Amino acid sequence: MAIPVIDFSKLNGEERAKTLAQIANGCEEWGFFQLVNHGIPEELLERVKKVCSDCFKIEREDDFNNSKAVKLLNELAQNNNGQKLDNADWEDVFTLMDDTEWPSKTPGFKETMAEYRAELKKLAEKVMEVMDENLGLPKGYIKTAFNGGSGGDNKAFFGTKVSHYPPCPHPELVNGLRAHTDAGGVVLLFQDDKVGGLQILKGEKWIDVQPMPNAIVINTGDQIEVLSNGRYKSVWHRVLVGTSGNRRSIASFYNPSLKATIAPAPELVEDKASQEVTQTYPKFVFGDYMNVYADQKFLPKGPRFQAVRAM
């Protein structure tokens, strides 16, 4: 079983209806799908791979080797008591935002990643417009909601998380990244095209997200689940590590402004035949949700919605 792979370029041709249906299926049945022919130049993607790998070697690797996770894992392995490292991840990670300091010692990193982020943001907005259309919402509905409503001056958040999962001497004792759902909106992942490890939970089975050269993996976060009133679900996923290969993962998040109010779209809560409203998710300010998520990221998501409902 493999997650859907969708040719995004066919939205502009005779197979538009079929492609819309494939994306709807990806959102409703999987919560994850891969886009090929997405419009981001391959030459740019090749540069992104190089500068991120270079950045890890030049600016990150030594710190990771001396990190808390490495020390804790070594202690566990020496104790040999069967315990697992369940409160840390085997991951080197930093986040790029417009107003934060970026790595500065890696040639070409800033210029390449700024160009990449601009392309990814445009792709995210195209994907959200497809979601609008598939859900029967006005064009731009999700983007407007994330920006704090029509006329809102609260800018949506767009961040890029650059991660590496180095070879691990004891992969049976630790995860690369513990199982979780994503708190925000739409996530666009450019993952390693050789080293696997990302898995999603489908039913009760963990399924590999197969590496594909220069594909972009799309997944829906908790806020898309709320806006769609549960039509689209955020899906549990995790990263496993191995004894060989340094897995690269570049995840960009298009999230609501912290001040944005999030609630199910009115069009999706009213049964037009009976006029009954079936709203199953609360209305809340995204910043409040993030405060709850910070403490409950790796816990079931139902209580997160309940906690924010009570605020």
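A: **Helix H8 and its surroundings**

In helix H8, which covers residues 302-309, the buried residues are Arg304, Phe305 and Val308. Looking down the axis of H8, these buried residues fall within an arc of 95°, so they line one face of the helix. An α-helix has 3.6 residues a turn, so residues three or four places apart point the same way. The model is a predicted one, and the burial of Arg304, Phe305 and Val308 is computed from its atoms.

The buried residues of H8 pack against three elements: helix H6 (222-227), strand E13 (284-285) and helix H7. Two of these partners, H7 and H6, lead on to other parts of the chain.

Take H7 to begin with. Helix H7 (286-296) supplies at least two residues of the lining of the largest pocket. Strands E3 (92-96), E4 (157-165), E5 (177-180), E6 (186-191), E10 (237-239) and E11 (247-255) each do likewise. E11 gives the most to this lining, with five residues. In total 31 residues line the largest pocket, and those nearest its centre are Lys161, His180, Asp182, Phe253 and Lys297. By type, the lining divides into 18 nonpolar, eight polar and five charged residues. The space in the largest pocket is about 530 Å³.

The UniProt record, an unreviewed entry, places the feature "domain: Fe2OG dioxygenase" at residues 156-256. Over residues 156-256 the chain is 45% strand and 6% helix.

The loop between H6 and E10 holds Asn229. Phi of Asn229 is near 55°, which is a positive value in a residue other than glycine. Asn229 has a relative accessible area of 12%, and because buried means under 20%, it counts as buried.

A positive phi also occurs elsewhere in the chain, at Asn37, where the angle is near 50° in a residue other than glycine. Asn37 is in the loop between strand E2 (32-36) and helix H2 (42-65). With a relative accessibility of 49%, Asn37 is counted as partly exposed, whereas Asn229 is buried.

To return to the helix you asked about: Arg304, Phe305 and Val308 form the buried set of H8, and the elements they pack against are H6, E13 and H7.

Methods:
Residues are numbered from 1 along each chain as its sequence is written. This is a predicted model: local features need pLDDT of at least 70, side-chain atom pairs count only at pLDDT 80 or more; totals for chains, interfaces and linings use all residues. Side-chain values use heavy atoms; hydrogens and water are left out. UniProt positions are given in the numbering used here, feature names are shortened, and annotations may be inferred rather than shown by experiment. Helices (H or I, at least four residues) and strands (E, at least two) are DSSP runs, numbered from the N terminus. On a 1 Å grid over the protein atoms alone, a cavity is a set of points where a 1.4 Å probe fits but cannot get out, and a pocket is an open set with protein on both sides within 12 Å along at least five of seven lines; lining residues have an atom within 4 Å of a point. Grid points are joined across faces, edges and corners, and a volume is the space filled by probe spheres set on the points. Ala, Val, Leu, Ile, Met, Phe, Trp, Tyr, Cys and Pro count as nonpolar, Asp, Glu, Lys and Arg as charged, and the others, Gly among them, as polar. Buried means under 20% relative accessible area, exposed over 50%, partly exposed in between (1.4 Å probe, protein chains only). The arc is that of the directions from the helix axis to the C-beta atoms. Contact means heavy atoms within 4.5 Å.
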